[in-house]
Amino acid sequence: MTTPPPLQLSLAQWSFHNTIFAGQMDRMLFAEKAQAMGFEAVEYVSRFYATEAQDSTAFKNIVSEIKKRSEDHGLNNLLIMVDNEGALASEDETQQNQAVENHKKWIEAATTLGCHSLRVNLTGGPEHDAAAWVRASIAGLQKMCNQAQGSGLNIIVENHGGLSSNGALLAQVMQGVNLPHCGTLPDLGNFCIRREGDKKWPSLCIEQYDRYKGVAEMMPWAKGVSAKTYDFDVAGNETTIDYHRMLSIVKNSGYNGYIGIEYEGQRLNEEAGVLATVAMLKRINEEGQHKL
């Protein structure tokens, strides 16, 4: 029996969002934490540096420090997940252009860090008109890709709630943009299309897209994968997502890049949740059923 190749696993900074926001973990020790846990690659979250991002000098300094720390700990910087920078999918051209402008500093930061991608959100669009949302999303992404042209960065979209979690619609957007440096970041857990009262998370999800169908629809454009986990049973399997099935979908797409660990559970502490996710993925891989 052929031994399956080792998985390429990266650590998403969001896995420690509770402890970072609570002041129990220094965001600047992320690289040290990742190395200590056995990771060779990391993914950053813009929210943790939002204050510095308002001042160009402070932002340049902190990005330089992040780069130094990642180099000191032998880590590959893969991407930055950018949030709260405007309505990229808005039908209002002024709002859309402002969102593109707001992302410029993150394009520069990701380039400095040596990342391959910048993750953006298709927010602010007409959520009750799918065709209009697709058109606005295509326009916004094309502008973002033009802005990033020459940087070597990919502009990638995560299924991050609302119509962006409809895999078929996001595939239409990718087809419409049709640029080699535009792609997706399939999150194996984010498939809530509508929440109670049309509110945002953490409101109750009342309409969810088929996660397995959605991932399969997104994988042709995938330039990363987020392995979202919430909890585990006594056998070490994720309780809400069939990871044997998910990893088959990923493998069958031909994807062989990094899989980012993004733990969001509550029962286990964040470090334990990350380690449980790693153990599960390695076990499935070692079983030889999913040679990624």
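Student: How many disulfides does the rule count?
Tutor: This is a predicted model, where local features need pLDDT of at least 70, side-chain atom pairs count only at pLDDT 80 or more, and totals for chains, interfaces and linings use all residues. Residues are numbered from 1 along each chain as its sequence is written, and side-chain values use heavy atoms, with hydrogens and water left out. A disulfide is a pair of cysteine sulfur atoms within 2.5 Å. By that rule the count is 1.

Student: Which cysteine is joined to Cys 192, and which strand holds that partner?
Tutor: The S to S distance between Cys 192 and Cys 205 is 2.2 Å. Strands (E, at least two residues) and helices (H or I, at least four) are DSSP runs, numbered from the N terminus. Cys 192 lies in β7 (residues 192-195) and its partner in β8 (residues 205-208), so the bond ties together parts 13 residues apart in sequence. The partner is Cys 205, in strand β8.

Student: What is the angle about the S-S bond of Cys 192 and Cys 205?
Tutor: The link between these two cysteines is right-handed. Its angle about the S-S bond is 110°.

Student: Is Cys 205 buried or partly exposed?
Tutor: Buried means under 20% relative accessible area, exposed over 50%, and partly exposed in between (1.4 Å probe, protein chains only). Cys 192 has 8%, so Cys 192 is buried. Cys 205 has 26%, so Cys 205 is partly exposed.

Student: How far is the sulfur of Cys 115 from the closest cysteine sulfur?
Tutor: Cys 115 is buried, at 9% relative accessible area. The closest cysteine sulfur is in Cys 145, too far for a bond. The distance is 16 Å.

Student: How many bridges join β2 to β3?
Tutor: β2 and β3 run parallel. Val 42 stands opposite Asn 77 in β3. The number of bridges joining β2 to β3 is 5.

Student: What is the bridge partner of Ile 80 in β4?
Tutor: Strand β3 (residues 76-81) pairs with β4 (residues 117-120) in the parallel sense, over 3 bridges. β3 is mostly covered, with 5 of its 6 residues buried. The partner of Ile 80 in β4 is Leu 118.

Student: Which residue makes a side-chain polar contact with Glu 158?
Tutor: Glu 158 lies in strand β5 (residues 154-158) and counts as buried, at 2% relative accessibility. A polar contact is a pair of N or O atoms within 3.5 Å; within protein, one must be able to donate a hydrogen and the other to accept it, and residues adjacent in sequence count only if both atoms are side-chain atoms. Here the distance is 2.8 Å. The residue is Arg 119.

Student: How many aromatic pairs does the search of the whole structure find?
Tutor: Rings of Phe, Tyr and Trp (its six-membered ring) pair if their centres lie within 6.5 Å. Planes under 30 degrees apart count as stacked, over 60 as edge-to-face, and the rest as tilted. The number of aromatic pairs found is 5.

Student: Is the pair of Trp 14 and Phe 48 stacked or edge-to-face?
Tutor: Trp 14 lies in the loop between β1 (9-12) and α1 (17-21), and Phe 48 in the loop between β2 and α3 (56-72), so their pair ties together parts 34 residues apart in sequence. The centres are 6.1 Å apart. With 20° between the planes, the pair is stacked.

Definitions and conventions
Pairing = 2+ DSSP bridges.
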